[in-house]
There are 4 protein chains.
Amino acid sequence: MRTGVWLIGARGSVAVTSMFGALAVRAGLAEPIGCVLESPELHSDALPGIGELVFGGHDISSIPLGKKAAALAEAGIVPARLAPAVRDALLEIEQDVRPLPLRDTQAEVADAIGADLDDFRRRHQLDHVVVINVSNTEPAPRPHPAHADLDALRAALAGPEPVLPPSALAAYAALRAGCPYVEFTPSTGARLPALDALARSKRLPYAGHDGKTGETLVKSALAPMFALRNLKVRTWSGVNLLGGGDGASLAEPDANAAKSASKQRVLTETLGYAPQGDTRIDYVEDLDDFKTAWDLISFEGFLGTRMRMEFTWHGCDSALAAPLVLDLARLTAAAHRAGRTGPLTELAFFFKDPLGDVPHALVEQWQVLRAAVDALGPRGTAP
Amino acid sequence: MRTGVWLIGARGSVAVTSMFGALAVRAGLAEPIGCVLESPELHSDALPGIGELVFGGHDISSIPLGKKAAALAEAGIVPARLAPAVRDALLEIEQDVRPLPLRDTQAEVADAIGADLDDFRRRHQLDHVVVINVSNTEPAPRPHPAHADLDALRAALAGPEPVLPPSALAAYAALRAGCPYVEFTPSTGARLPALDALARSKRLPYAGHDGKTGETLVKSALAPMFALRNLKVRTWSGVNLLGGGDGASLAEPDANAAKSASKQRVLTETLGYAPQGDTRIDYVEDLDDFKTAWDLISFEGFLGTRMRMEFTWHGCDSALAAPLVLDLARLTAAAHRAGRTGPLTELAFFFKDPLGDVPHALVEQWQVLRAAVDALGPRGTAP
Amino acid sequence: MRTGVWLIGARGSVAVTSMFGALAVRAGLAEPIGCVLESPELHSDALPGIGELVFGGHDISSIPLGKKAAALAEAGIVPARLAPAVRDALLEIEQDVRPLPLRDTQAEVADAIGADLDDFRRRHQLDHVVVINVSNTEPAPRPHPAHADLDALRAALAGPEPVLPPSALAAYAALRAGCPYVEFTPSTGARLPALDALARSKRLPYAGHDGKTGETLVKSALAPMFALRNLKVRTWSGVNLLGGGDGASLAEPDANAAKSASKQRVLTETLGYAPQGDTRIDYVEDLDDFKTAWDLISFEGFLGTRMRMEFTWHGCDSALAAPLVLDLARLTAAAHRAGRTGPLTELAFFFKDPLGDVPHALVEQWQVLRAAVDALGPRGTAP
Amino acid sequence: MRTGVWLIGARGSVAVTSMFGALAVRAGLAEPIGCVLESPELHSDALPGIGELVFGGHDISSIPLGKKAAALAEAGIVPARLAPAVRDALLEIEQDVRPLPLRDTQAEVADAIGADLDDFRRRHQLDHVVVINVSNTEPAPRPHPAHADLDALRAALAGPEPVLPPSALAAYAALRAGCPYVEFTPSTGARLPALDALARSKRLPYAGHDGKTGETLVKSALAPMFALRNLKVRTWSGVNLLGGGDGASLAEPDANAAKSASKQRVLTETLGYAPQGDTRIDYVEDLDDFKTAWDLISFEGFLGTRMRMEFTWHGCDSALAAPLVLDLARLTAAAHRAGRTGPLTELAFFFKDPLGDVPHALVEQWQVLRAAVDALGPRGTAP
């Protein structure tokens with residue numbers, strides 16, 4: 001099963017770490033640590049292998065992939081010793097990374113994106129191409145009546161005014177071109193009624209939102225503990241300090257608000273009520289891709305006794321995101337092949353703000369995921 | 001269903017907090033926060049109510065329950081404003097708390113314990129009496145051949161030398177008297193082949209070990225996160241600072257070793273390997289019952305990138321333990337009534353070092369518990 | 001030396017904790033822990049005793065002092081067991097707490113404040129009355145040309161428009177009435193050229209700003225460590241979570257900005273440069289007066305090696321502030337008696353944002369303070 | 001002023017990081033961050049420059065310096081990009097690193113060490129050679145009567161039994177050879193009456209003990225804060241997790257006890273009493289040279305209100321120690337040149353367990369150091 005992975009934001013840290021890692025794993029130089037599908041309980045022959053993935057993508061930046069990889073190595077995000085081994089393969093991928101098209105109308109941009117996707121599929125003879133957005137977080141978009149109806153949307157896109165935020169436009173173009181779409185950021189992506197209708201009409205699946213890589217991952221592991229123990233969480237307040245490209249874009253109040261809401265959702269869903277406190281995101285350039293999150297949880301136990309818990313998380317965002325990008329590409333391609341259409345709610349395990357009415361406790365999400373992998377096909381034989 | 005709860009260590013902090021809380025809940029003065037069985041998903045009419053529990057027990061201490069309750073209120077473990085309301089009821093319980101019997105042989109001690117249990121059951125016309133050990137942690141016992149065989153054990157107990165550690169002797173006496181036994185500490189309790197045989201021959205259930213109240217509770221919520229995400233934990237090192245009675249006893253190197261082993265077990269079972277690092281227990285009198293635990297977790301992600309997490313837990317041990325004691329009393333009584341015999345492996349949710357080959361992820365343990373509660377009988381009607 | 005302490009915000013947590021504590025110390029029921037002047041190295045007979053302080057003040061609130069004290073006891077800020085012993089004395093102070101005067105012009109308000117101060121001094125035959133602002137933090141005031149000149153200020157105050165923020169108006173009234181003024185909050189207080197001129201013309205001292213009670217206290221102890229070791233601080237980023245009255249007022253963006261700037265000043269002054277990062281203040285009602293602050297410090301050592309430090313501070317703001325209020329009252333009264341006029345720069349030890357060009361390392365500030373106490377007079381004999 | 005630095009443990013992490021860094025600074029490739037003497041307030045022409053230092057030493061290991069440097073670069077302790085630039089200079093130093101001599105009696109070992117020192121001095125035409133012990137921590141030595149008297153010591157050393165622990169034997173040999181001695185570890189070094197007598201008779205200075213590089217550095221900055229604020233520290237409890245060579249040796253209970261005592265001394269000296277709690281040292285191989293220390297401080301404020309502070313320190317021991325080794329070499333050489341003899345108590349700033357009756361607050365120690373540097377000679381002209 002030849003599987004293409006088309007990354008929006010292909011020259012960013014997450015994308016290049018994903019490519020770098022897939023190449024290193026293919027060359028036998030690195031273990032697939034952090035790749036959920038490589039744990040023994042989820043390994044399945046119904047999934048394309050990491051080494052079978054073919055990369056391409058769009059970006060507004062023009063920094064060469066090799067130069068970005070060198071910067072990642074310098075920052076300790078990927079190991080410098082592996083850089084020489086993946087250099088040539090990165091240069092090959094460079095041929096499939098295009099500038100994000102600019103046109104007069106969004107309809108024309110969608111056509112241009114679709115042409116790039118067709119070209120990519122044809123040139124590499126791919127069975128499936130999964131489009132994944134790993135670019136910076138957008139501000140929350142302004143509502144537009146055409147978001148609710150596919151015909152209205154088609155008409156509006158032909159007009160001179162932008163109707164869709166960039167992520168939704170990419171989703172529209174991907175689905176039109178027959179490609180499943182995964183939203184790895186908190187941005188809109190395919191989460192509009194018109195795009196859901198498009199996905200169903202094209203019999204395509206889509207997934208999202210917002211890869212669960214750090215503080216929220218911990219929240220989804222800890223919040224169930226308080227819930228199951230019937231302890232009453234009074235305050236859950238956190239701060240995220242991060243540098244890097246996404247840090248700068250999240251420092252914008254609008255993007256920050258979108259992200260923070262996504263990060264608190266797990267609490268309300270798991271606990272059944274909203275504790276006091278917020279999640280702050282502060283940009284600290286110096287920290288680069290190594291994010292530090294600190295959370296204070298104040299809770300009430302038997303007879304009202306007050307207790308506290310704190311945690312600090314020092315994670316490397318790109319190193320945590322990249323293996324999930326590979327997992328999602330493989331799962332979404334296999335789901336496409338298996339005929340799944342519409343929102344892939346079974347992938348909630350991977351997302352801060354998952355699609356559908358799904359469990360928010362990490363272990364339950366994993367159980368749903370395991371069932372979905374089992375349903376894809378036999379585990380131990382070739383597909 | 002009139003249910004007796006006989007506490008070994010009845011004048012200690014955990015026991016008196018349990019009694020105080022049950023009385024306050026019965027009087028409608030406190031919410032049953034921290035009582036797992038009071039969450040909507042586990043509520044069942046097949047379980048005795050908190051207000052139906054009747055308390056008694058043994059202790060080597062002779063501090064009056066009322067005085068202990070006052071000390072707990074002074075230390076902020078139970079609310080001072082509720083003390084007047086439970087004073088009379090505590091005085092009544094005082095009638096059922098006996099000095100731990102001293103005799104020449106362990107056989108005679110067991111007889112005396114049994115006589116106290118019979119007396120308690122008769123006086124209060126109880127359907128079931130659950131014996132729960134909440135006394136201080138014992139040093140690991142020396143092995144003895146009679147531990148493996150019930151007949152040999154009976155013979156050995158009649159001799160002049162002690163054969164069983166105090167917790168196992170209590171379990172022996174309880175089972176002989178027809179009472180299910182719950183080991184809430186890391187001590188031996190019923191976990192000996194001879195005692196398992198006794199329980200089965202008497203058609204009684206037993207449960208344990210070591211109530212999961214603090215750091216290990218967090219471990220059982222967090223370790224699955226690393227496992228499910230296929231992240232490689234390199235170091236998991238922790239320190240527990242605690243005062244209080246159990247703090248002093250755990251400062252003994254032997255008891256400390258027993259407890260530490262119990263606390264690391266969840267890691268090996270959940271991760272499938274033992275990371276570097278230990279769990280230290282240090283006695284700091286000043287901290288009293290408010291334990292502070294700190295854990296450092298160092299882990300490896302994609303391409304070997306090193307990351308870290310830390311947490312601090314400021315918990316009140318007695319306030320965390322007491323509602324679990326009530327839960328265990330109710331569950332064990334209901335299991336007895338339902339005819340369950342032998343180890344109650346379905347109660348792993350409550351224990352650091354559970355009996356049987358059971359899941360160690362907290363959410364999975366809870367799912368097992370829910371199934372067990374469901375099996376006890378209907379949820380919404382009177383039993 | 002009979003010394004009056006007139007508190008602006010006399011019914012707030014800091015004020016009532018100060019009164020409660022002074023009364024408890026006077027009655028021999030509490031040790032003066034946290035009172036800097038009671039350490040052996042600073043004890044001086046030239047200072048009025050804690051027991052000699054006479055309290056009064058203004059407030060816009062009308063909650064009785066006794067009721068406020070009960071609330072503080074309930075919240076664990078003052079010990080409930082001492083409440084009965086200070087009840088009567090608090091009732092006496094009640095006679096000297098007046099509503100903050102309302103008039104048509106600020107000149108008239110100042111006159112009314114002055115009349116209250118004169119009355120207080122006369123009734124209690126006080127040698128000195130020190131006015132201390134412990135009310136909520138104001139937003140940063142709008143500049144006004146009259147701030148720079150005393151004559152212009154006098155003229156402007158007679159007009160219908162407010163010229164001074166409330167704290168500066170209190171300082172103006174205090175100085176006019178012959179009372180030294182201490183600004184314990186980040187608000188303007190006496191820090192205007194016109195008020196400095198007034199203080200000098202009346203031969204009065206004044207002090208401020210912003211009592212150093214928590215996170216900034218730690219910063220002033222830790223920042224010198226990095227400076228003296230020639231380590232390069234890259235990031236110093238913090239968050240303060242607090243409830244209580246001041247928490248709510250600091251949640252206002254303007255007050256928040258004033259406070260945050262005050263909190264970062266110590267870094268720039270001590271390190272000689274401004275590291276990246278900010279100090280956030282978030283209001284979390286549930287935490288009440290118990291503030292939690294968390295700081296991340298990332299620094300560079302030999303050959304650029306990157307290292308980190310974190311700290312968490314769980315402090316009770318009122319319990320930390322109250323003994324400093326008593327210290328400042330005693331020091332300012334003694335300075336007044338000793339003929340000191342203008343800004344008391346020697347009190348930098350007490351403030352986040354001290355007056356004058358002073359050292360910011362805590363130990364150096366203490367050395368300056370000790371020299372100032374020595375200069376007040378003999379240590380071991382009656383003055 | 002040509003200054004030799006003879007390192008006991010010359011092939012260890014601290015020694016090689018010191019050499020590597022001095023060479024990089026000399027080549028203009030690195031800033032002397034962490035070198036206290038390079039801060040503007042301490043810079044003095046009376047001190048030898050970093051670039052003027054000439055290195056040699058003893059070690060029982062035979063790992064080549066270049067190989068050790070490569071391992072340090074791999075572990076992120078020194079920057080890999082500087083390795084090529086210092087390779088040749090490290091090879092030169094290799095000529096001056098000798099195996100630690102083995103002989104039949106300690107007197108003969110001392111002679112052999114002395115011969116190596118003489119040879120080093122002669123070959124490089126050095127004005128001063130400072131011997132610094134940076135090898136692993138020894139267990140506390142057994143007392144011996146000859147430790148108290150120089151003549152008795154000389155006699156005993158000629159016997160077949162070892163009389164001195166290795167660090168004291170090195171100090172003895174150094175002083176006999178006319179070299180000042182610095183003890184950078186908690187080991188005995190020159191701290192014996194017989195060796196003090198030897199130093200005075202040879203008119204030589206010596207210094208120590210135990211470089212203050214991490215948790216204790218923070219303690220010496222924070223403990224004065226509590227003392228000066230008259231707050232009562234109830235508990236100060238800490239744990240140090242560390243790998244690396246010293247970690248393994250500190251895991252030995254005897255060495256651990258020596259180190260822990262050294263680490264708590266600052267508290268008793270600064271606070272005037274010993275709070276509850278201990279300092280634990282745990283060996284965790286995985287952490288390598290990057291130590292993590294966590295401390296909990298529980299304290300009492302006004303009216304007994306209980307508060308808490310915690311800190312975590314993630315430091316690289318060798319990167320923190322190496323610049324201090326360079327500082328100490330330069331200061332001790334200058335002190336020797338200036339005629340100082342006996343213990344250099346003015347260097348307390350650098351040590352956990354300083355010689356003499358000295359201040360323990362970091363800022364006061366720095367003030368003493370500054371005065372000592374001033375006394376060495378003019379700041380701005382050539383010596």
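This is a predicted model: local features need pLDDT of at least 70, side-chain atom pairs count only at pLDDT 80 or more; totals for chains, interfaces and linings use all residues.
Strand S2 (residues 53-59) of chain D lies parallel to S3(D), and 3 bridges join the pair. One bridge into S3(D) links Asp59(D) with Pro99(D).

**The sheet of chain D**
- The open sheet has 7 strands, paired in parallel and ordered S3-S2-S1-S4-S5-S6-S11 in chain D.
- At its edges sit strand S3 (97-99) and strand S11 (342-343) of chain D, each pairing on one side only.
- As a reminder, strands of a sheet pair through backbone hydrogen bonds, in either a parallel or an antiparallel sense.

**Helix H12 of chain D**
- Helix H12 (residues 362-376) of chain D has 15 residues, so at 1.5 Å a residue it should span 21 Å, and this agrees with the 21 Å between its end C-alpha atoms.
- Its buried residues are Leu362(D), Val363(D), Glu364(D), Gln365(D), Trp366(D), Leu369(D), Ala372(D) and Val373(D).
- The cover over the buried residues of H12(D) comes from two chains: it includes helix H8 (215-228) and helix H12 (362-376) of chain C, along with helix H8 (215-228) of chain D.

- In the domain assignment, chain A has domain 1 (3-211 + 319-376) and domain 2 (215-316).
- The centres of domain 1 and domain 2 of chain A, taken over C-alpha atoms, are 26 Å apart.
- Where these domains of chain A meet, 18 residues of domain 1 are in contact with 25 residues of domain 2.
- On the domain 1 side of chain A, the residues that touch domain 2 comprise 9 nonpolar, 5 polar and 4 charged.

**Chain B against chain D**
- Chain B brings 20 residues to the contact, and chain D brings 20 residues.
- On the chain B side, strand S7 (232-242), strand S8 (279-283), strand S9 (290-300) and strand S10 (306-316) each supply at least two residues.
- S7(B) gives the largest share of that side, with 5 residues.
- By type, the chain B residues that touch chain D are 6 nonpolar, 7 polar and 7 charged.

Definitions and conventions. Residues are numbered from 1 along each chain as its sequence is written. Chains are lettered from A and ligands numbered from 1 in the order in which they are written. Two residues are in contact if their C-beta atoms, placed from the backbone, lie within 7 Å. Helices (H or I, at least four residues) and strands (E, at least two) are DSSP runs, numbered from the N terminus. Ala, Val, Leu, Ile, Met, Phe, Trp, Tyr, Cys and Pro count as nonpolar, Asp, Glu, Lys and Arg as charged, and the others, Gly among them, as polar. The expected span of a helix is 1.5 Å times one less than its number of residues. A residue is buried if 20 or more other C-beta atoms lie within 10 Å of its own, exposed if 12 or fewer, and partly exposed in between; C-beta atoms are placed from the backbone. Domain bounds come from an automatic or database domain assignment. Two strands pair if DSSP finds at least two bridges between them.
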